[in-house]
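Student: Could you take me through one part of this model closely, and then connect it to its surroundings? I would like the cut-offs spelled out as you go.

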Amino acid sequence: MGGTKQTQQQQQENVTTQPLLTPYKFGKFNLSHRVVLAPLTRQRSYNNVPQPHAILYYSQRTSRGGFMISEATGVSDTAQGYAHTPGIWTKEQVEAWKPIVDAVHAKGGIIFCQIWHVGRVSNYGFQPNGQAPISSTDKSLTPQIRANGVDVAQFSPPRRLRTDEIPQIVNDFRTAARNAMEAGFDGVEIHGAHGYLIDQFLKDQVNDRTDEYGGSLENRCRFALEIVEAVANEIGADRVGIRLSPFTDFIEAVDSDPKALALYMVEALNKYGILYCHMIEPRLKMMGDVSECSHTLLPMRKAFNGTFIAAGGYTKEDGNKAVAENRADLVTYGRLFLANPDLPRRFELNAPLNKYDRNTFYTSDPVIGYTDYPFLEANGDA
């Protein structure tokens, strides 16, 4: 594989040709590159408990000094909306995460737990005692074609949270963050994107509340910011990130002025001093479809004081350009990283990429479409 000279030469070349592969000071963490594993729902956590096969999955995608974000992980028994997604609200779940996190750390990686609540993106079957899903609203979702393009998801009419119930949901996020630290995670990412509960409060086409959590921009952002404050106070702002998708229309979560929403949120986030903001590009309006778009994330990038992470259908070339032009500090990769466990290495060597198989994204098989994508080197330890 060549000696130290070659490595030094490659590093020098990376600075000019592959900014994605340059080091980055990420708060208290030192990253060796800027290629981030995106949070990817994989639906292989049976009974909402992470499984031993996840140890291999995450460790395969770990590189020394690499940063990864876990799949979306439920904060409570009301947070679920998909089969076999993990949680972090019980002792059993916390214990099950520990060997997964340990495997990432053993290979020199950094891993944050993405904590979420699906809100109205659920049905009675996923809810305790068959109750109604909770949301900012009582407006129902229309049935949605699942990401596999075949199955249709049915949603039960949600129940609008009472004002006096909201502190309990905020506390669920705080407790989940504390549990994530107990499991050994390096921090948490609050899932405020993609039409789930926090996004249901943020977007004015969903949030029809008349209390202090609805109406004005300030009111609609209050729930998200209360969660950020609670989590930052619990585990430290330097271990907290948030994911936002103000421009996307996922799961009927639309806002009439997404740029104003995005700018308000990042400026408000600065007050809490959190580590990063992870934002979805405006060009990714619907799941998986990249389109031409005149909007960019640049105003938000300039307004935010912490690390800015961009997501949304990036290629290697897009990512290098985004870092080179200072439009992002780090770039997340989802489908490409899923299919190429050694993605940073392939970028470095300009090697061909495995093609992902969309049909196996959400199967519950512990191997197929999960840990069976090949490495460049046969041993898988490169």
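Tutor: Thr73 has 0% relative accessibility and so counts as buried (buried means under 20% relative accessible area, exposed over 50%, partly exposed in between, with a 1.4 Å probe and protein chains only). Thr73 sits in strand 5, residues 73-74; helices (H or I, at least four residues) and strands (E, at least two) are DSSP runs, numbered from the N terminus. The side chain of Thr73 reaches the backbone oxygen of Glu71 at 2.8 Å. Leaving aside neighbours within four places in sequence, Thr73 is in contact (heavy atoms within 4.5 Å) with Pro86, Gly87, Ile88, Trp97, Cys113, Gln114, Ile115 and Trp116.

A word on what you are looking at: this is a predicted model, in which local features need pLDDT of at least 70, side-chain atom pairs count only at pLDDT 80 or more, and totals for chains, interfaces and linings use all residues. Residues are numbered from 1 along each chain as its sequence is written, and side-chain values use heavy atoms, with hydrogens and water left out. The mean pLDDT (the predictor's confidence in each residue, from 0 to 100) of the protein chain is 93, and 91% of its residues reach 70 or more. Over residues 1-6, however, the pLDDT is below 50, and this stretch has three contacts in the model beyond near neighbours in sequence. Where pLDDT is low, the predicted coordinates should not be read in detail.

Now let us move on to the helices. Asp172 belongs to helix 4, residues 166-182, and is buried, with a relative accessible area of 15%. Not counting residues up to four places away in sequence, Asp172 touches Val75 and Ser76. Between Asp172 and His117 there are 55 residues in sequence and 9.4 Å in space, C-alpha to C-alpha.

Helix 4 also meets helix 6: their axes come within 9 Å and cross at roughly 35°. Axes here are lines fitted to C-alpha atoms, for helices over the stretch in contact, and angles run from 0 to 180 degrees between N-to-C directions. Helix 4 passes helix 6 in a right-handed crossing (left-handed if the near helix is turned anticlockwise from the far one by less than a right angle, right-handed if clockwise). On the helix 4 side the meeting residues include Ile166, Ile169, Val170 and Phe173, and on the helix 6 side they include Phe223, Glu226, Ile227 and Ala230.

Helix 6, residues 217-235, has a further partner in helix 7, residues 258-270, with axes that come within 11 Å and cross at roughly 40°. The two are therefore oblique to each other; angles under 35 degrees count as roughly parallel, over 145 as roughly antiparallel, 65 to 115 as roughly perpendicular and the rest as oblique. This crossing of helix 6 past helix 7 is right-handed. Among the residues that meet are Leu217, Cys221, Ala224 and Leu225 in helix 6, and Ala260, Leu261, Tyr264 and Met265 in helix 7.

Leu225 is worth a look of its own. Leu225 is buried, with a relative accessible area of 8%, and touches Tyr264, Met265, Ala268, Leu269 and Tyr272, not counting residues up to four places away in sequence. Leu225 and Arg301 are 76 residues apart in sequence and 18 Å apart in space, C-alpha to C-alpha.

How values were computed
A polar contact is a pair of N or O atoms within 3.5 Å; within protein, one must be able to donate a hydrogen and the other to accept it, and residues adjacent in sequence count only if both atoms are side-chain atoms.
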